[in-house]
Amino acid sequence: MTTTSVNLNSGINALAANKEKTRVAAAGRLVFKVYDLEEGSFKEQLDLRIGRIDRNYSSNDLAWNPVNDEILATGATNGAVVTWNLGIERGNKMDSVFTDNKRTVNKVCFHPSEWYILLSGSSGGVIRYFDLKSNKCVMSFVNKETSLGSIRDIQFNPHNMFMFASAADNGYIQFWDYRRSDRFLFQHLAHQEIVFSLDWHPEEIWLASSGRDKTIKIWRFESYEYKLHEDYTLYHIQSVRKVKWRPQRKYHIASCSQVDDNTVSVWDIRRPYVPFAVFEEHKEAPTGIEWYDQNNFLTSGKDGMIYQHVFKDAKKPAENPVGISMSPEGNLFHIAVQSGRGALQSSALRRPIAFFRRQERSAESFVTYDSNLVFYELQEDRFSEWFCATAQRYQLTGKPFGELCEANAKVAEELGRHQVAQTWHLLRLFFVDVSQLMPKVYSKQSSGTSAAEGATTQTHTEAEKTRTEKDNSAHCEATVSHHPAPEASHAPDSTTGVTDEESDSEMERLKWRNKMTPMDGIEDPFTLEDEDNYEGELGDMLDLSTNEKWTLPTEGFTHRHEIIDRDPSPDITHEGSRPSSPPTNNSERLDQDLPSSSHQLLASHAIDQAITKHRSEFDLSLKNRPLIRDMLNFYADAGDIQMAVSAYIVLGDKIKGEIPSETIEHWFLSYTELLGIFKLWPITNQVIKLSDHPNIQILNQQSTTIYTNCNHCEKAVEKHAWACSRCGKLTNMCSFCHLPVKGLYTWCQGCSHGGHLGHMREWFSKTKECPTGCGHQCELK
């Protein structure tokens, strides 16, 4: 038999097989089919999505009745629990629909020996007991003391027919007697985060659990005292979605991940870090595991595939005894088999002929190797140094976009990361506002004067001021020497070479251009606020309420020579003169005039309006969004997840919607994990707070949860941390005043005694002896 598969062309959420393992059913949001298993192949028997399709067909979980081979049950995303009878002769096999749940059903489970008992667990934290004889919900199991969150899994105890276990979002496993719904038997904190899956061992009194904390834990159930004792812990690379014990193999268990890992692993629980066998056929995350026998099993996945795996086709990592690991500082550890020495096979051991021992087959146990560990130290370009420095110095919020980009570019340059610095510069240019790059020039004109008589203020750089002064002196000498006989009303400006007629014609062209192009919806850069400020600054010198002509004092401008009128004909030998006839293309004329800062004294307000009017032509953000998206993906693929996340945070809404939500979540999880490795907790919290992804925003809320148990009965303290609701005793008694501590509590980590912070300070200011008299030398810091 070899590995076989069938494609359902839609994502599968659950997989179930009948008791004889001759048929298998697969269900999802868009698929629900039953297949016959014949000699390692799949043959479609039924498609249950027929008739009127509604949300009851959108299945989240699936269970096959272990007693009656014709009955199946599904849990729908709309909260419905549906039973299906394959023995019905009509086309639609839907039998009963229970609508008691108001939220998504995550799990349905049949009793292993009583065919009519069906349990369901929903996202509302309620477990419901359905009686298929009467077709109604006869009981609901609710934890009234604490909020469980969603119920993720339910499994009946094969060693006690009245008991079942449930897994919840708060990390607890609860044990119930289905004959009593008012109170659970006991509960145990199994994982620090969500518990996804449970599975009872078919032979031993073991319960396996898996969760988001990337662990698989094996618990020994002590029925006489209602306790769980942890026997083994397996460490996975991702959160574990499903676990399933391997039949006829005491120490073997199969698992699959929730995200990012598409493999199905079979573990030997005695070896917690390396899987015994790995199956890599799925292209997306697996969702279900069903054992056919001890050497074959079925899996389903989000890729729409059902695989029948054969153990002889598995990859066994332990048979390749080579390992490699990298420390946060960039140092490399490598382990390999010693040269010239192979594995120590059991056949190489000589034993007396008279004795025979049964040994485990080599295919079912790990092989022992002699290995060497080699250490390589990184000499240059230490990742940890620039990563930590960049994380601590980057500015992600609190300033305008351009300033953030420039500040981060400066940090990258100082750390020698010039490509990253150039990227920050480009991001600023892509999203810069063009009006901010142009010098702002404010002009005020009275109603009875021409544009040439308006008073204007202009800002210059130091270089422009120096160049203007040189030009003024040069033009002054040229005017005196070459034009001794001036004429009124036609003299050009000695600094610009532009006559009054040219200035008037220039203003007329700009006015005509403003009329031809609509200005609706464009904000005038010369706002009322600017005008008020302008008037406030010059209000003591000018009376702006009148329409009379006014001029600014000469102290407001650089002193220059007296303007001398000259012949209106242009002097081609003059360096600053220009032809009086305007070009035919007004836009070209405007582009030619923009670099000349001196001529803006005449038409600054009109030019500012023209720039604002055509701002959409200069805005590069829209057409460069795909380029920026590719840039972020480039840095993420290259391993610089810090740059990808930092740039995404700084860009904010400018790049929103360009990158898939799953990718963003993966980036932030990777970056926060790296920050945690280097113990940069404040920066980690800042990154989490600045994220716009809901799954990331709740990380700092989940990681700060503290679970406490009573020091008398060892039960979980639910409501009040200073008193146990189970045994009724006070948990935190002050060792000094012997009263309960309801506020800030401090204790010694050596002897575990403590009390009110004020009392402890008062006591330890005089002595180091524990106030209880236990003899421990305590120290209060």
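**Exercise 1.** Over the face of which residue does Lys133 lie?

*Solution.* Bear in mind that this is a predicted model. Lys133 sits over the face of Tyr116, 4.1 Å from the ring centre. A charge counts as lying over a ring within 6 Å of its centre, if it is also within 35 degrees of the ring normal. Another case is Arg417, which lies over the face of Trp386 at 3.9 Å from the ring centre.

**Exercise 2.** Count the aromatic pairs, then classify the one formed by Trp200 and Phe221.

*Solution.* Step one: the count comes to 35 aromatic pairs. Step two: the Trp200 and Phe221 planes are 85 degrees apart, with 5.8 Å centre to centre. Planes over 60 degrees apart count as edge-to-face, so this pair is edge-to-face. Step three: locate the partners. Trp200 belongs to strand β18 and Phe221 to strand β20, 21 residues apart, so the pair links distant parts of the chain.

**Exercise 3.** Decide whether Trp200 and Phe221 are buried or exposed.

*Solution.* The cut-off for buried is under 20% relative accessible area. Trp200 has 5% and is therefore buried. Phe221 also has 5%, so Phe221 is buried too.

**Exercise 4.** Describe the pair formed by Trp206 and Tyr232.

*Solution.* Trp206 and Tyr232 are edge-to-face, with 5.9 Å centre to centre and 90 degrees between the planes. Trp206 lies in strand β19 and Tyr232 in strand β21, 26 residues apart. Trp206 is buried at 3%, whereas Tyr232 is partly exposed at 24%.

Definitions and conventions
Residues numbered from 1 in each chain as written. Predicted model: local features only at pLDDT ≥ 70, side-chain atom pairs only at ≥ 80, totals over all residues. Heavy atoms only, no water. Phe/Tyr/Trp six-rings, centres within 6.5 Å; stacked < 30°, edge-to-face > 60°. Helix = DSSP H or I, 4+ residues; strand = E, 2+ residues; numbered from the N terminus. Buried < 20%, exposed > 50% of the residue type's maximum accessible area, 1.4 Å probe, protein only.
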